[in-house]
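Hi,

Here is the structure I said I'd pass along. Have a look, and my notes follow below.

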Amino acid sequence: RGRQARQLIWLEPGASGLAHGLSSMGKDFNTPKAIANRIKAKGLQKLRWYCQLCAKQCRDENGFKCHQMSDGHRRQMDVFGMNPNKVVGEYSEQFEEEFLTHFKRAHPFSRVLAKNVYNEYIADRHHVHMNSTCWLTLTDFVKHLGREGKCKVDETEKGWYMTLIMKDPMQEIDEEKKLKRSVAEKEEEERHQTEINIQVDRARKMARIEGAVGAGLGEALVKTDDTPIVLSLAPSGLQQEQGPGTAAPSGSNRPGLPPRPTSRPTAASAAFGEDDDEGVADPSGPGGPRGGKLGAMMRQELEAKAKRVASEAALHTGAGIQRSAAWLAPGIVVKVMSKDLQEHGYYKKKGVVERVLDRYVGEVCMLDSGDVLRVDQAQLETVIPQPGGAVLLLNGPHKGCRGTLEEIDTAKFKALVRVSDGPSKGSEVWSDYETISKLDK
């Protein structure tokens, strides 16, 4: 029928060109050359003429050169140039994953040549080619698998042999848990170290403040000789009546200076709210001369100022004034931090303090197992609940008071607590993590 159709097409007038085109197309498609070209395209070609970015295999050097000059390839190269390391890394991970998957499926327990496994892997023409990875040769890739512990490799005269290392899934899960645990412990140690550094800086600031206040008090009360310190605020006219026993003030009458007016009160007496009638005190009285009373007032003022400065510094630095070394209390939830108890399974486990012995030792009932341990407070750590949880203040001026956790400042390791009982009921205080702990329900 095909021959008859071709004859009809050729005999039809006016359609000789179209018929010749159809005949030539069929002839070219079925020629041995066309068939050979299609067969060659199905199989593997040379690796150097494959473009991994475009996933295109070229048959010869001229075709690969034309592909490199195409717009699509240039766009892919622009994307590759933005982050080449990332692209090569992704291809390397994909190549390694697919290679190990084929190795695990084809030779799970066998010792085989690496080149044989590679030849089996590249049988798929759409595989990730090695020239797009970070390994230049198959030997480098095999050495990489040996270093990573994924395969057991050994070199012989015939080449590199590989044996897949099969891991138990439970063992992999345990390794992941150990890795997460080690990371968590490292973060916790860093947090403890940061907290210790903050406390050390706080103590140094307090020491500097106390030293400055002590130096100021010492300069105000120092005496050069055994004579008593006497200050007189009376005018010059009254100073002569007191006799030679009292020291003359700096503003007294001197040769060549005019006398000071007696009706006008002195600046110091006006500042302390005293009248002129009280300017002269009886030297034989219990308070001593007028200067002794003023010195006592100055000392009281300096002491009050020193206390005020120390309290403000303690408030700004977060250090409680009333601190005690013992902080254990019954009913609080604590965490065991003794590594000696790790082999027994109590390390970093929580429990409730049932009883306190000798102020520093507590009997802790573990929450998960119900075991009762006798642990020193140095091996325990307070537990901070979620906002809204009940806490007990363990140190400072509010020690022993219950409260509710309102807010947590993770940067400063502090928590805002609303006191629910005691004299300061209803007040909000910022407390360090180690001065509060969660209350057992």
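**What I found**

Of the contacts in the protein with a separation of 6 or more, 47% are between residues 24 or more positions apart (contact means heavy atoms within 4.5 Å). Before you read on: this is a predicted model, where local features need pLDDT of at least 70 and side-chain atom pairs count only at pLDDT 80 or more, while totals for chains, interfaces and linings use all residues. Residues are numbered from 1 along each chain as its sequence is written, and side-chain values use heavy atoms, with hydrogens and water left out.

The protein has 12 helices and 15 strands (DSSP runs numbered from the N terminus: helices are H or I with at least four residues, strands E with at least two). Buried residues, meaning those under 20% relative accessible area with a 1.4 Å probe and protein chains only, make up 28% of the 441 residues.

Now the sheet: 5 strands form an open, antiparallel arrangement in the order β14-β13-β12-β11-β15. Strands count as paired if DSSP finds at least two bridges between them. At the edges sit β14 (428-432) and β15 (436-438), each pairing on one side only. β11 (residues 390-393) runs antiparallel to β15 over 3 bridges, and Val391 has Lys438 of β15 as its bridge partner.

Elsewhere, β7 (residues 350-357) is joined to β6 (residues 333-336) by 3 antiparallel bridges, with Val334 partnered by Gly351 in β7. β7 also pairs with β8 (residues 361-366), antiparallel over 6 bridges; there, Val352 has Cys365 as its bridge partner. The hairpin of β7 and β8 has 3 residues between the strands, and Asp358 takes a positive phi near 55°.

Cheers

Notes: Buried means under 20% relative accessible area, exposed over 50%, partly exposed in between (1.4 Å probe, protein chains only).
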